[in-house]
Amino acid sequence: MQVPEAAPRTELFPSERAVVLLSCVLSFLGSGLLVATHALWPELRSRARQLLLYLSLADLLSAASYFYGVFRDFDRSSWDCRLQGALSTFANTSSFFWTVAVAFYLYVTIVRSGLGPGTGSRLLYCFHVVSWGVPLVITVAAVSLKKIGYDASDVSVGWCWIDIEAEDRVLWMLLTGKLWEILAYILLPLLYILIKKHIHGAHAALSEYRPILAGPHPFQSRTSIADKKLILIPIIFICLRIWSTVRFILTLCGSPAVQTPVLVVLHGIGNTFQGGANCIMFVLFTRVIRTRLFSLCCCRLRSSSSDSPDGPSHAPVPTRTGESQESSRTPVELPST
């Protein structure tokens, strides 16, 4: 199936540009905050959060490359257009793989918890090979064959992706993003449904002993929080990414609706805000991380306002009998709890 002849360029208005640029900045800051929390508190570096670190690095590069593309608002293929397109293609595709990797890891460690102790390390090695290697090979091939270039903003929002004049552009649009995006639409809900089903089964088994328990079991409260947030992960991913898929389909159909301003803005936000959404779910909605960030900020404020010659006062570090016990009670830390 071939894309119809190139339509007039989708105009990006200043207000739309400003919104998408803001989304890029928030995503960059959110991804940076995820990386910072990983560096600040080594005791919270579970395997699941290690995967989130790599996802955040991909989102950092994605947000930065998209920011440059939206800021430049390319109108032709140039060396920086191709460079930006290559970086965003690699980072965006890698982000898809790492997002699915987090879900697959949680599925294996929660649902298939009977696997050997070395499973996590082997999985991490495989995730690195696939999540960095496959996007790199695809990107290098696309650049070598000169498929990256100006796309008239019909399948982007100012940035460069697959050259709109390439004869086999549909194939390369699929290989450099859309195929993996559509697979993620399927795999993420499937994996999280299986995880939820397993958690519900654990709830049901525990409820048989509820009459003889003195109070609510801590497993119930932890898994109920995780249960609610596990629903949000695939929903937020799909809600952010679906708009780029819609514009891709409209482009294939040659529909003028691809240039609808609201659709363009939603596409821009969806493609660039993944790092911000991950920060909201895995930092701001995570009680342990949120509490530590609040304590750190309060410490900084007190230090800056204090004129004591003895130096800034240090914020009390949470004792490990509080928060570390919480993580030690659960064999697998869910990054969204």
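Me: Buried means under 20% relative accessible area, exposed means over 50%, and partly exposed is in between. So is Tyr-185 buried or exposed?

Reply: Tyr-185 has a relative accessible area of 14%, which is under the 20% limit, so it counts as buried. Keep in mind that this is a predicted model.

Me: OK. How many disulfides does a search of the whole structure find?

Reply: The search turns up one. Its partners are Cys-81 and Cys-160. Their sulfur atoms sit 1.9 Å apart.

Me: Where in the chain are Cys-81 and Cys-160?

Reply: In distant parts of it. Cys-81 belongs to helix H3, residues 79–111. Cys-160 is in the loop between strand E1 (148–149) and strand E2 (161–162). That puts them 79 residues apart.

Me: Why is the disulfide of Cys-81 and Cys-160 called left-handed?

Reply: Because the torsion about its S-S bond is about -115°.

Me: Is Cys-81 buried or exposed? And Cys-160, buried or exposed?

Reply: Cys-81 is buried, with a relative accessible area of 0%. Cys-160 is buried too, at 0%.

Me: What about Cys-239 and Cys-253?

Reply: Cys-239 is partly exposed, with 47% relative accessible area. Cys-253 has 56%, and over 50% means exposed.

Me: New topic. Which residues touch the most other members of the largest nonpolar core?

Reply: Leu-106 and Tyr-192. The core has 39 residues.

Me: What lies apart from it?

Reply: Another core, of ten residues. Its members include Ala-142, Trp-161, Val-170 and Met-173.

Me: Let's do charges. How many salt bridges are counted?

Reply: Four. In general, side chains of opposite charge can pair when their charged atoms come close.

Me: Give me one. What does Arg-72 form a salt bridge with?

Reply: Asp-80. The closest N and O atoms of Arg-72 and Asp-80 are 3.0 Å apart. Arg-72 is partly exposed at 36% relative accessible area. Asp-80 is buried at 7%.

Me: And which residue does Lys-147 meet in a salt bridge?

Reply: Asp-168, at 2.9 Å from N to O. This pair links distant parts of the chain, 21 residues apart. Lys-147 is in the loop between H4 and E1, and Asp-168 is in the loop between E2 and H5.

Me: Is Lys-147 buried or exposed? Where does Asp-168 stand?

Reply: Lys-147 is buried, with 15% relative accessible area. Asp-168 is partly exposed, at 28%.

Me: What do the side chains of Lys-178 and Glu-181 do?

Reply: They meet in a salt bridge, 3.0 Å from N to O. Lys-178 and Glu-181 are three residues apart in helix H5, so about one helical turn separates them. Lys-178 is buried at 6% relative accessible area. Glu-181 is buried at 1%.

Me: Rings next. How many aromatic pairs are counted?

Reply: Eleven. One of them is Phe-67 with Phe-71, a stacked pair. The ring centres of Phe-67 and Phe-71 are 6.3 Å apart, with 5° between the planes.

Me: Why are Phe-67 and Phe-71 separated by about one helical turn?

Reply: Because they are four residues apart in helix H2. Phe-67 is partly exposed, with a relative accessible area of 33%.

Me: And how do the rings of Tyr-185 and Phe-237 pair?

Reply: Edge-to-face, because their planes are at 65°, and over 60 counts as edge-to-face. The ring centres of Tyr-185 and Phe-237 are 6.2 Å apart. Tyr-185 lies in helix H5 and Phe-237 in helix H6, so the pair ties together parts that are 52 residues apart in sequence.

Me: Is Phe-237 buried or exposed?

Reply: Buried, at 2% relative accessibility.

Me: Last one. Which residues form one aromatic cluster?

Reply: Tyr-54, Phe-90, Trp-98, Phe-104, Phe-127 and Trp-132.

How values were computed. Residues numbered from 1 in each chain as written. Predicted model: local features only at pLDDT ≥ 70, side-chain atom pairs only at ≥ 80, totals over all residues. Heavy atoms only, no water. Disulfide = S-S within 2.5 Å. Helix = DSSP H or I, 4+ residues; strand = E, 2+ residues; numbered from the N terminus. Buried < 20%, exposed > 50% of the residue type's maximum accessible area, 1.4 Å probe, protein only. Core = buried A, V, L, I, M, F, W, Y, C linked by side-chain atoms within 4.5 Å. Phe/Tyr/Trp six-rings, centres within 6.5 Å; stacked < 30°, edge-to-face > 60°.
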